Amino acid sequence: MKYVIGIDLGTSAVKVLLIDQDGKVCDEVSRSFDLLRPQAGYSEQNPEDWVTQTVDALTVLTNRFTADVTTIKGISFSGQMHGLVLLNEEKHVLRPAILWNDTRTTKQCQEIYEKVGKERFIAITKNLALEGFTLPKILWVKEHEPAIFARATTFVLPKDYLRYRLTGELGIDYSDAAGTSLLNVVEQTWSEEIANAVEVPLSLCPPLLDSADNVGMLTEEVAQSTGLDRTTNVFAGGADNACGAIGSGILSEGKTFVSIGTSGVVLSYEPTGEKNYQGKVHYFNHGKQDAYYTMGVTLAAGYSLQWFKQTFAAELDFDDLLKDVGSVPVGSHGLLFTPYIVGERTPHADATIRGSFIGMDSSHRLADFTRSVLEGITFSLNESIEIFRASGKEIDRIYAIGGGANNKVWLQMQADIFNATIVKLTSEQGPGMGAAMLAAYGSGWFDSLNACANHFLQEAETYHPIPENVVAYHELFSLYKQVYHQTAPLNQSLMTFRS
Ligand SMILES: Nc1ncnc2c1ncn2[C@@H]1O[C@H](COP(=O)(O)OP(=O)(O)O)[C@@H](O)[C@H]1O
Ligand SMILES: O=C(CO)[C@@H](O)[C@H](O)COP(=O)(O)O
């Protein structure tokens, strides 16, 4: 038997999966790291933590592996998107990474529109300039930390830094480059026009790769400390959502997934980059060569639940916290939650909006609040589904992935709110599985990623919408949508009290 490893560098943890030639998850090791929030709106991580924890996870995996390590043929990566890692000439990290859910860069997004022109910017990048994306972060460092910017010779995204440390080879794949705001998404080249307009040297951009490109081997040092064979091939990998798409078989038109990880994502396959969503949803390069996907993002999906648990029920684990939500009726006894606790992206690109509980009553208990958090997160994702449906996409079957797919009540709730059949695969590890599939395909085990998906992926559970719940949620959803508009001015005024 031969094996591949998929490394999923998430926001809360790195997960390392060992997959065999039949797509079976043979082992899995996870190591977490801290999220630094030095100020309201800031979100940073220490890149060295990614490296240490990944090497640790790989070491545990290799120690538990009983067969010959030379049967592990390939490694690839999936990574949290958009985060800025700035490196100097010696490829040393210049400051903590600024992550995808950091919202300090509203001014820099405006500056990009002023200098490039909003329409032109969307035509090149197929996306809006959003606080979470990489270019506004580069401009923030240029403005606020000029001494650091002056020493920067290149930038990379999180999993690209990890790959660099494991192999010594620097590069970025198209699916992650698409989220930097510096890529011409259709032409698949760095945009000289944008770089010149905002006065960022194009030389900062790393070499571009395809997700299944073989980038080389592990360094001697990494091979020694992990116990992996030095000659194991390393493949470029992709953005976590592109890998999630591969790992859940979103490889042909008409396929959609919903991922509830730290963020929440609704993603749908696009065969070309030619459609025009005018920036309403993200439009990025897929990990499958020359393909694309569109997606809507809820900034704090799983993170809202994690925040809620940590703040109000820290002693419980997720399963304990959620054990009673099934006995709370649809609508959580009149309690509505909006998950805007770090701002929002789709459909409201708004860094200042914050969350609310509407309709709190003295009779509400922990289970009511918990259910309303799940409902609010799911309503937010439904706003993206609504945009896709309005553009003519048929969405009646959705693959569920991410940590949120661990709970059956939540999966049924998704079926009822989205009014679509929810499918859970045998593994909900979309991005890690996608990374492993890139290594399997890159190693020549299959002719295409589609063939790999056909062999590796199996459906495990399906959830069908319950008609009376669909009706009730339809009504609640229209109330939910009003909360943004009613609370936006209030949140604007509360801004000054936040820091
Ligand atoms: N047993 C569970 N039931 C429901 N949701 C869960 C469970 N375990 C974790 N989650 C949710 O999944 C999130 C983590 O998802 P994951 O896909 O691992 O995140 P990431 O890849 O962003 O690090 C948590 O923040 C939590 O909201
Ligand atoms: O910013 C985005 C997508 O645009 C996020 O989806 C990040 O890619 C992080 O994902 P998770 O840690 O939630 O998987």
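Reader: In which sense do strand 2 and strand 3 pair, and over how many bridges?

Author: In this predicted model, strand 2 and strand 3 (residues 25-32) pair in the antiparallel sense over seven bridges. Strands are DSSP runs of E with at least two residues, helices are runs of H or I with at least four, and both are numbered from the N terminus. Two strands pair if DSSP finds at least two bridges between them.

Reader: Which conventions apply to numbering and confidence?

Author: Residues are numbered from 1 along each chain as its sequence is written, while chains are lettered from A and ligands numbered from 1 in the order in which they are written. Since the model is predicted, local features need pLDDT of at least 70 and side-chain atom pairs count only at pLDDT 80 or more, whereas totals for chains, interfaces and linings use all residues.

Reader: What is in the turn between strand 2 and strand 3?

Author: The two strands form a hairpin with four residues between them, and G23 in the turn has a positive phi of about 85°. Within the pairing, V14 stands opposite R31 in strand 3.

Reader: And how does strand 1 pair with strand 2?

Author: Strand 1 (residues 3-9) pairs with strand 2 in the antiparallel sense over seven bridges. These two form a hairpin with three residues between them, and G6 stands opposite L17 in strand 2.

Reader: Is strand 2 mostly covered or mostly open?

Author: Strand 2 (residues 13-20) is mostly covered, with six of its eight residues buried. A residue is buried if 20 or more other C-beta atoms, placed from the backbone, lie within 10 Å of its own, exposed if 12 or fewer do, and partly exposed in between.

Reader: Which residues have the most contacts inside the largest nonpolar core?

Author: They are I5, A436 and M437, in a core of 147 residues. Helix 15 (residues 430-442) contributes the largest share of this core, eight residues. Such a core is a set of buried Ala, Val, Leu, Ile, Met, Phe, Trp, Tyr and Cys residues joined through C-beta atoms within 7 Å.

Reader: What does I5 touch?

Author: Apart from neighbours within four places in sequence, I5 is in contact with V16, L17, L18, I72, I75, A436 and A439. Contact requires C-beta atoms, placed from the backbone, within 7 Å.

Reader: Where is A453, and why does it count as buried?

Author: A453 lies in helix 16 (residues 449-456). It counts as buried because it has 23 C-beta neighbours inside 10 Å. Beyond four places in sequence, A453 touches G249, L251 and M437. A453 and M437 are 16 residues apart in sequence, with their C-alpha atoms 7.7 Å apart.

Reader: Changing topic, which residues does the "binding site" annotation cover?

Author: The unreviewed UniProt entry assigns it to M81 and H82; such positions are given in the numbering used here, feature names are shortened, and annotations may be inferred rather than shown by experiment. M81 is in the loop between strand 5 (72-79) and strand 6 (85-87), and H82 is also placed between strand 5 and strand 6.

Reader: Why do M81 and H82 count as buried?

Author: M81 counts as buried because it has 29 C-beta neighbours inside 10 Å. H82 does so because it has 26. Outside four places in sequence, the contacts of M81 include W100, L157 and G179, and those of H82 include W100, L157 and G179.

Notes: Contact = placed C-beta atoms within 7 Å.
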